[in-house]
Amino acid sequence: NRRILLASRPQGAPVAENFQLDQQPVAAPAAGQVLLRTHYLSLDPYMRGRMSDAKSYAAPVQLGEVMVGGAVSKVVESQHPGFAAGDWVLGYTGWQDYALSDGQGLTKLNPALAPVSYALGILGMPGFTAYMGLLDIGQPKAGETVVVAAATGAVGAMVGQIARLQGCRVVGIAGSEEKCRYARDELGFDACINHHADDLPQQLAEACPAGIDVYFENVGGKVFDAVLPLLNSRARVPLCGLIAQYNATALPEGPDRSPLLLRTLLTKRIRMQGFIIFDDYGHRYPEFATQMGEWLAAGKLKYREHRVAGLENAPDVFIGLLEGRNFGKLVVEVAPE
Ligand code: NDP
């Protein structure tokens with residue numbers, strides 16, 4: 001059983017030496033347990049937070065422990081009455097080839113409904129995040145302008161497409177011309193802007209002639225700075241992620257901009273709300289699963305996976321996720337089906 005352990009805590013951006021590949025014999029399941037073979041491992045930005053021992057909403061991974069992560073696995077051997085060999089399951093079993101589970105936290109998947117790996121993206125945590133953050137906090141109305149960054153990623157691509165289904169004008173922000181073309185031509189966004197452009201604020205203003213009513217925040221940093229002056233009165237800002245800051249070790253240099261932020265929130269009566277998807281919305285998962293399943297089956301949503309084969313490659317592609325090297329939902333194919 002190959003496992004990827006947290007070897008040391010990153011200072012700034014994670015590096016290969018923060019991870020360690022180790023090998024253990026595959027254990028046999030005891031009574032009440034199942035042995036799982038990992039097929040697809042999800043790599044997600046929140047894992048950067050778990051590598052750090054700074055206080056957060058979830059406990060950190062301890063040094064020498066297997067890196068956390070959601071994965072789609074197949075039951076190889078079952079000593080549990082609820083599972084049989086051959087069942088597909090979703091669970092937080094981490095960066096490893098095999099895992100033992102007592103069944104707690106495992107969800108059975110139906111491979112006839114959709115490719116099983118979709119449970120890590122469009123039909124799982126990132127899709128749920130997009131759905132609840134946009135619809136419950138963002139409250140988009142037809143004709144309004146919705147802006148989302150990391151626009152071709154797991155969450156952003158769904159935010160933009162769901163906003164289009166609500167009749168909104170959707171403007172994406174992404175990290176390359178190729179990603180922007182995809183957002184416009186495949187995902188149906190009205191416009192998409194490369195955040196590496198020097199004139200990002202001007203381009204964004206031109207793409208949002210009626211201002212911004214909903215800004216779905218995935219990124220922070222200079223993207224937020226470009227968005228702030230364009231927010232309309234009574235705009236809503238679901239605060240989902242701040243990936244531009246995850247590797248930061250200190251506050252940025254420069255003048256304190258918080259008075260500008262607070263004055264804008266006050267005078268424009270803007271509602272900005274952070275959320276942690278399962279903590280805040282776990283009880284609404286069935287509603288999401290039904291609606292997203294319907295949209296997907298009706299061909300209303302496009303979904304792009306960025307698949308990388310080989311568990312040993314997980315550290316490198318995870319490091320790349322924090323630099324925008326992924327194009328779509330990042331999934332490691334640990335074992336072919
Ligand atoms: P993505 O698939 O979107 O991958 C991350 C993307 O972030 C990169 O591809 C890159 O896209 C973009 N990015 C990275 N660094 C920067 C930067 N410095 N400036 C601008 N963009 C950057 O990841 P997810 O869809 O899984 O996650 C998106 C966000 O949602 C993250 O912030 C994540 O933490 C958050 N999240 C929050 C949840 C919650 O419960 N609150 C749950 C799930 C996700 P590009 O090349 O286009 O810039």
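In the predicted model, 20 residues of domain 1 are in contact with 13 residues of domain 2. Domain 1 is made up of two segments, 2-120 and 304-333, whereas domain 2 spans 125-278. The C-alpha centres of domain 1 and domain 2 lie 29 Å apart.

The ligand lies between domain 1 and domain 2, because both domains give residues to the shell around it. This shell holds 27 residues, of which V155, K179, H195, Y246 and N326 come nearest to the ligand. Sorted by class, the shell has 17 nonpolar residues, nine polar residues and one charged residue.

A polar backbone atom of N218 is 2.8 Å from an oxygen atom of the ligand. For A154, the distance between a polar backbone atom and an oxygen atom of the ligand is 3.0 Å. A nitrogen atom of the ligand is 3.5 Å from a backbone N or O atom of L322. On its own, the ligand has 910 Å² of accessible area, and the protein covers 89% of this area. Two or more residues of the shell are given by each of the helices α2 (125-138) and α3 (154-165).

Helix α2 also contains D136. This residue has a relative accessible area of 28% and is therefore partly exposed, as the value falls between the limits of 20% and 50%. Beyond residues up to four places away in sequence, D136 touches Y281 and R284, and Y131 is also among its contacts. With R284 the contact includes a polar one, in which the two side chains are 3.0 Å apart. D136 and L187 are separated by 51 residues in sequence, and their C-alpha atoms are 22 Å apart in space.

The relative accessible area of T145 is 2%, which is under the limit of 20%, so the residue is buried. When neighbours within four places in sequence are left aside, T145 is in contact with R169 and V171, with C208, and with G211, I212, D213 and V214. Thus D136 is partly exposed, whereas T145 is buried.

How values were computed
Residues are numbered from 1 along each chain as its sequence is written. This is a predicted model: local features need pLDDT of at least 70, side-chain atom pairs count only at pLDDT 80 or more; totals for chains, interfaces and linings use all residues. Side-chain values use heavy atoms; hydrogens and water are left out. A residue is near a molecule or strand if one of its heavy atoms lies within 4 Å of it. A polar contact is a pair of N or O atoms within 3.5 Å; within protein, one must be able to donate a hydrogen and the other to accept it, and residues adjacent in sequence count only if both atoms are side-chain atoms. Accessible areas come from the Shrake-Rupley method with a 1.4 Å probe; for residues, only the protein chains shown count as cover. Helices (H or I, at least four residues) and strands (E, at least two) are DSSP runs, numbered from the N terminus. Ala, Val, Leu, Ile, Met, Phe, Trp, Tyr, Cys and Pro count as nonpolar, Asp, Glu, Lys and Arg as charged, and the others, Gly among them, as polar. Domain bounds come from an automatic or database domain assignment. Buried means under 20% relative accessible area, exposed over 50%, partly exposed in between (1.4 Å probe, protein chains only). Contact means heavy atoms within 4.5 Å.
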